Amino acid sequence: MMINWIKRLIGLENKRKGTADVFCMMPWVHFHVTQLGTVTPCCQAPWQEETAFGNINRENIAQIWNGKKMAAFRKNMKNGVPDKRCEGCYEKEKQGFTSLRQITNKNYFHHYDRVNQTLKDGQIPGTTPVYFDIRFSNVCNLRCRICGPWSSSSWHNDAVALGMKSENAPAITVSVHNTERLFSELEGMMPDMEEFYFAGGEPLVTEEHYRLLDMLIKHGKTDVKLTYNTNFSSFEYKGVNVLELWKKFRQVNIAASLDAEGMRGELLRKNLDWTRVEDNRLKLLKELPHAEFTVSPTLNVYNLLHLPDFHRNWTQRGLIGVEDFIPTLLIKPNELAVSALTYTVKKQALGLYKKHLEWIAQQTVTKPEKYEHMISQFKNVMIVLNAKGDKNIKTRLKQHVNSLDSLRNENTLKVFPELGNREML
Ligand code: SF4
């Protein structure tokens, strides 16, 4: 289905050879502020000042939106000139994976008129972004093994102990220094706002997230699509129950970053209470049946052999539909990436995933488009499992596991005994 949309987009493109391979709707619709305060093409592009369109602490949204750097990016996109910042998407597509570029082109195709209206220098006067992703800070209540202090304030002490950061550095990094100015600008852009994407830190324990919802509710702008990447650990924040706020919005999409069930999930995402996670899922089903819910696990060395069971179990218990489970492959750090595992381990996993895909094929599907997306993500997993591994990674994996185990007084081998297999650890 997605392919048809992309074909339509290609058909309407300016027909220059190669344009459709690099064209992305992001700069015509999207505004992304990183945890450094830099404004970049999207969450997948590099964060550094050198390659950013600007910095939200030096300029406002309007200045950056039609500033020289963002305009030049649009111009290149329109002319089919590849951009280094987008290499992540190009690389994914080359390997047969679905990229964020392809997903965005499909979701925001309805703004293609903006592309036609773009001035020669790449400016689009009279427009504002419609799709926002502002990372206000790294505030998070968990310290996941696949994460680090840049995305979670709770990681601070571990990071200091591991020599990853200085103890004098702050645990919390705030990306937007003048929130008053930002909120007042956002308020002015509300009429055209279509989507707000919230991710971490952890949005459900972030002050600004609640302020934004209050602002939207106050202005009756409840048709804005709220999209989340959340650890799904808590619905309560300073006496506010987020479910009560969500009930007022037409569209709430929740991608819950849950990697494994029970004590496996708790080991991977430190401070997580699995009983509470399941309770939250039941509450959401009961109180907000219109919310679109997806389990969004990050596939890594730890959970590789357990993901199919998790998927099957939640589907059979009626907590999700079969298509509401969309895994993403971890890329960094290398030592936790499935791609680095040896051939023997990959072969074992390959058999497991083949069987799982057979089980998936027998299930009832109610959301075909989402199903297609899920299948393409599982195919990505199969591609990686069929590719060569990296034998040298074992030492670093061992270091990672041992250092976190001793720091957190945990025993990974008790929870994931298969990692004791010589081929893995
Ligand atoms: S091509 Fe990919 S990296 Fe570049 S702006 Fe689009 S989604 Fe982001």
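The structure is a predicted model, in which local features need pLDDT of at least 70 and side-chain atom pairs count only at pLDDT 80 or more, while totals for chains, interfaces and linings use all residues. Residues are numbered from 1 along each chain as its sequence is written.

**Overall build**
- The chain holds 19 helices and 14 strands, where helices (H or I, at least four residues) and strands (E, at least two) are DSSP runs numbered from the N terminus.
- The radius of gyration of the chain, at 22 Å, is close to the 22 Å that the globule rule gives for 425 residues, so the chain is as compact as a globular protein of that length; this radius is taken over C-alpha atoms, and the rule is 2.2 Å times the number of residues to the power 0.38.
- Of the 425 residues in the chain, 36% are buried, a residue being buried if 20 or more other C-beta atoms, placed from the backbone, lie within 10 Å of its own, exposed if 12 or fewer, and partly exposed in between.

**Around the ligand**
- The ligand is surrounded by 13 residues, of which the closest are Cys24, Pro41, Cys42, Cys86 and Cys89; a residue is near a molecule or strand if its C-beta atom, placed from the backbone, lies within 6 Å of it.
- At least two residues of this shell come from each of α6 (87-94) and α7 (100-107), and α7 gives the largest share, three residues.

**The sheet**
- Eight strands form an open sheet with mixed pairing, in the order β3-β2-β1-β4-β6-β7-β10-β12, and two strands pair if DSSP finds at least two bridges between them.
- Its edge strands, each pairing on one side only, are β3 (54-55) and β12 (292-295).
- Strand β10 (residues 252-256) runs parallel to β12 and is joined to β12 by four bridges; Ile254 has Phe293 in β12 as its bridge partner.

**Backbone details**
- Most residues other than glycine have a negative phi, and most peptide bonds are trans.
- Lys332 and Pro333 are joined by a cis peptide bond with omega about -5 degrees, and Pro333 sits in the loop between β14 (328-329) and α16 (343-361).
- Lys238, in the loop between β8 (236-237) and β9 (240-241), has a positive phi of about 45 degrees although it is not a glycine, and Lys238 counts as exposed because it has 7 C-beta neighbours inside 10 Å.
- Asn409, in the loop between α18 (393-408) and α19 (412-415), has a positive phi near 55 degrees, and Asn409 is exposed, with 6 other C-beta atoms within 10 Å.
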